[in-house]
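Q: I have this one open and want to talk through a few spots. Can we go residue by residue?

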Amino acid sequence: QLQLVESGGGSVLPGGSLRLSCVVSGRTLDTIGVGWFRQAPGKEREGVSCIGSNGESINYVGSVRGRFTISRDNAKNTVYLQMNSLQPEDAAVYYCAADPYSVCGTYYLPGSAVYESWGQGTQVTVSS
């Protein structure tokens, strides 16, 4: 059974950094794509980044490009989201999700509909 567990959230000052982790079980990372999403109170869930099963197809939403970096460790079956220069507008619950068809592309950031398994989320707070 495919399961994802996020961790690494917390509270930081504006300009700070956090690294989120998403541990995947039930499938290896070379067989699925993984995406990071976030949802702030009163807002819709937003796709933040994705990485394809080949580990090379990567994309970001424009608001985080240049500040966030997605990566993975196949040995640990874990996907990371390094978040730098965090701003108050980045505050949200962050979720990772698995895409069994790995449609993430350099020019395509999939929406939530393609993802079939979701983690429970980790809270990120950015405040002075």
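Q: Which residues does G9 touch, leaving out those up to four places away in sequence?
A: This is a predicted model. In it, G9 touches L18, L20, T122, Q123 and V124.

Q: Where is G9 found?
A: G9 is in the loop between β1 and β2, the latter being residues 10-12.

Q: Buried, exposed or partly exposed for G9?
A: G9 has 32% relative accessibility, so it counts as partly exposed.

Q: On to the strands. How many bridges join β1 to β3, and which way do they run?
A: Five bridges join β1, residues 3-7, to β3, residues 18-25, and the two strands run antiparallel.

Q: Which residue in β8 is the bridge partner of L20?
A: The partner of L20 is L81. L20 is also one of the residues that G9 touches.

Q: New topic, aromatics. How many aromatic pairs does the structure hold?
A: It holds four aromatic pairs. One of them is F37 with Y115: the ring centres are 5.1 Å apart and the planes are at 80 degrees, so the pair is edge-to-face.

Q: Which parts does the F37 and Y115 pair tie together?
A: F37 lies in β4, residues 33-39, and Y115 in the loop between β9 (92-99) and β10 (117-118), so the pair links parts 78 residues apart in sequence.

Q: Is F37 buried or exposed? And what about Y115, buried or exposed?
A: F37 has 2% relative accessibility, so it counts as buried. Y115 is buried too, with a relative accessible area of 6%.

Q: What is the geometry of the Y95 and W118 pair?
A: The ring centres of Y95 and W118 are 6.5 Å apart with planes at 80 degrees, so this pair is edge-to-face. Y95 lies in β9 and W118 in β10, so the pair ties together parts that are 23 residues apart in sequence.

Q: How do Y95 and W118 count, buried or exposed or partly exposed?
A: Y95 counts as buried because its relative accessibility is 15%. W118 has 28%, so it counts as partly exposed.

Q: Which residues form the aromatic cluster?
A: F37, Y95, Y115 and W118 form one cluster.

Q: Which charged end sits over the ring of W118?
A: The charged end of R45 sits over that ring, 4.6 Å from its centre.

Q: And which charged end sits over the ring of Y80?
A: That is R19, whose charged end sits 4.1 Å from the centre of the Y80 ring.

Q: Last topic, backbone. What is phi of S85?
A: S85 has a positive phi of about 50 degrees, although it is not a glycine. S85 lies in the loop between β8 and β9. Its relative accessible area is 36%, so S85 is partly exposed.

Q: What is phi of S102, and where does S102 lie?
A: Phi of S102 is near 50 degrees, a positive value in a residue other than glycine. S102 lies in the loop between β9 and β10.

Methods
Residues numbered from 1 in each chain as written. Predicted model: local features only at pLDDT ≥ 70, side-chain atom pairs only at ≥ 80, totals over all residues. Heavy atoms only, no water. Pairing = 2+ DSSP bridges. Helix = DSSP H or I, 4+ residues; strand = E, 2+ residues; numbered from the N terminus. Phe/Tyr/Trp six-rings, centres within 6.5 Å; stacked < 30°, edge-to-face > 60°. Buried < 20%, exposed > 50% of the residue type's maximum accessible area, 1.4 Å probe, protein only. Lys NZ or Arg CZ within 6 Å of the ring centre and 35° of its normal. Contact = heavy atoms within 4.5 Å.
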